[in-house]
Amino acid sequence: MHQNNYSSFRRFDNTPYQKAQTARRNMIERTDLEPVSCVYLFQLFPFSIAFDRTMTIREVGEKIRELFGGEEMVGLPVETFFLIHRPRVIFTWANIYILQKVVVELECLNSHFTKHPICDRRNSASTRNLLLKGQMRLIEEWDAIIYLCVPLLSNLQEMQEVGLYLTDLCLHDSSREIVLAGWQHGARLEISYEKQEERSRKLEQNLKKADEWKQKGDDLLYSMIPKAVALRLRNGEDAIETCEILYFQSFDDVTVLFGEIVEFAELCARLTAMEAVTCINDVFSLFDKVTDAYNVFKVETVGQVYMLVSGAPERRPDHAQNVARAALDMIAQVSKMTTSDGENVLVRIGETISVNQRTMI
């Protein structure tokens, strides 16, 4: 079964419209307007630049002159003040002549709004210099090209830096709306940035506190068990196997230190219970700090007795020297301490050295 497709055409008379358009064009061609002085032209278009075939500036608008701080620009090469930003072509008369129907962007050089030298110029809107956007038109009577443009500003802050106001921008395009919209968008971004910055600051503080608490936990852990054992357990090794390995090991060369507070009973009788506990805590806390500076390990504290060892569970050939240095440092540090009633704190320290299963005291 075949389906037939049909197309129909309707003819209508377009003659009246064509006659109206022809009459309109003839009226424009027959209308002779009085010549307008270039002074008024540059007043009507304050953002304008006129240059001749030699790329020399013939005249500039008032606002363009203000952008460069009132500097004399007429008679100087246009490349001294401007660089073609878009389209990417060489800034010559021939190239500009064929770009009359194309939107052209120029970059201001050495203006009061210049952010970076030309050698550091980037395509980023935050680092580039002030841009002008407009169209090139050939004025045959002048044998020159005039560039009618407006500045590309993203917010009110840039406008203030340039020294312009909203009234200076063109009424016939969206320049003012773009600046206001950019300012509103920038304000929202600034608020969002401040919130994110506050969150980042809190996160940094929390991470710092977490590191501090982790360090405190490590110090507490290492004060209870050897660091080598703690690292094995932290790596996920079985606790029973770790203890068995250490238990069945033999250490032939070790040095053990015992330290106690002299006349501890008299000290307890002379001080209150809290003062005595505080005194013992201060002495043993000082001993803990000393053990951290040497390769020794605190075993335990029983009453007023403090015990540490070197050479186990980590085998070290200099175990005796480490314990001796720790003992001397303990005595030196404790000699500076006094009890709450002004009496000096005295400690007694002894060492036991085992070398090849021979013990020396």
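The points below are grouped by topic.

The model is predicted: local features need pLDDT of at least 70, side-chain atom pairs count only at pLDDT 80 or more, and totals for chains, interfaces and linings use all residues. Residues are numbered from 1 along each chain as its sequence is written, and side-chain values use heavy atoms, with hydrogens and water left out.

**Confidence**
- The average pLDDT (the predictor's confidence in each residue, from 0 to 100) is 77, and 71% of the residues score at least 70.
- Among the elements (DSSP runs numbered from the N terminus: helices, H or I, at least four residues; strands, E, at least two), β1 has the highest mean pLDDT (91) and strand β11 (residues 358-360) the lowest (48).
- Residues 115-127 have pLDDT below 50, yet this stretch has 19 contacts (heavy atoms within 4.5 Å) beyond near neighbours in sequence.

**Salt bridges**
- Six salt bridges are counted (a side-chain nitrogen of Lys or Arg within 4 Å of a carboxyl oxygen of Asp or Glu).
- Arg53 pairs with Asp143 at 2.9 Å between the closest N and O atoms; Arg53 lies in the β1-β2 loop and Asp143 in the β5-β6 loop, so the pair ties together parts 90 residues apart in sequence.
- Arg270 and Asp341 meet at 2.5 Å, N to O.
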